[in-house]
Amino acid sequence: MATNYSPVEIAGVIAVIGVLTYACRLSFIALFGRLDEIPPVIERVLRFVPAAVLAALVLPSFVTLDAGSFAADKFVAGALAAGVAWRTEDVFATMVTGMGVLWAIRFLL
């Protein structure tokens, strides 16, 4: 059941999504612009946003099953990189470890 949408309908949906996205972002700017100081509870929560976004972007790439096979090389590299990140809290060391282990597994095995 294929549904054909006109270019006007597609452009309208894109425009509505764009306006809603802009309104969401503007609402936070307007909200925090009216506050003299951000409440401590909000500050504590906002500290975890970068880690949550990074995890949401990276985690599916080495946990997802591809056509019934498990990507062990990505999982091992990701696990070791997570260990380095937890132990050192150094972003550069984490990236070097993760990529180094992934490349070593792929080139040596």
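Okay, hi everyone. A quick definition to begin: UniProt positions are given here in the numbering we use, feature names are shortened, and annotations may be inferred rather than shown by experiment. With that in mind, the UniProt record, an unreviewed entry, puts the feature "transmembrane region" at residues 12-33, 45-71 and 91-108.

Before I go on, this is a predicted model, so local features need pLDDT of at least 70, side-chain atom pairs count only at pLDDT 80 or more, and totals for chains, interfaces and linings use all residues. Residues are numbered from 1 along each chain as its sequence is written, and side-chain values use heavy atoms, with hydrogens and water left out.

Let's look at two of those spans. Residues 12-33 are 100% helix and 0% strand, with the end C-alpha atoms 31 Å apart. Residues 91-108 are also 100% helix and 0% strand, and there the end C-alpha atoms lie 25 Å apart. By helix I mean a DSSP run of H or I, at least four residues, and by strand a run of E, at least two, numbered from the N terminus.

Now, how do helix 4 and helix 5 meet? The axes of helix 4 (residues 72-88) and helix 5 (residues 91-108) come within 8 Å and cross at roughly 155°. Axes are lines fitted to C-alpha atoms, for helices over the stretch in contact, and angles run from 0 to 180 degrees between N-to-C directions. The two helices are therefore roughly antiparallel; that label is for angles over 145 degrees, while under 35 is roughly parallel, 65 to 115 roughly perpendicular and the rest oblique.

Who makes the contact, meaning heavy atoms within 4.5 Å? Helix 4 brings residues including Asp73, Leu80 and Val84, and helix 5 brings, among them, Thr94, Val101 and Arg106.

Zoom in on threonine 94, in helix 5. Is threonine 94 buried or exposed? It's buried, with a relative accessible area of 18%. The cut-offs: buried is under 20%, exposed is over 50%, and partly exposed is in between, using a 1.4 Å probe and protein chains only. Leaving out residues up to four places away in sequence, threonine 94 touches Ala81, Val84 and Ala85.

Last stop: glutamate 89, in the loop between helix 4 and helix 5. Glutamate 89 counts as exposed, at 71% relative accessibility. Its phi is near 55°, a positive value in a residue other than glycine. Most residues other than glycine have a negative phi. Okay, that's me done, thanks!

Terms used
Contact means heavy atoms within 4.5 Å.
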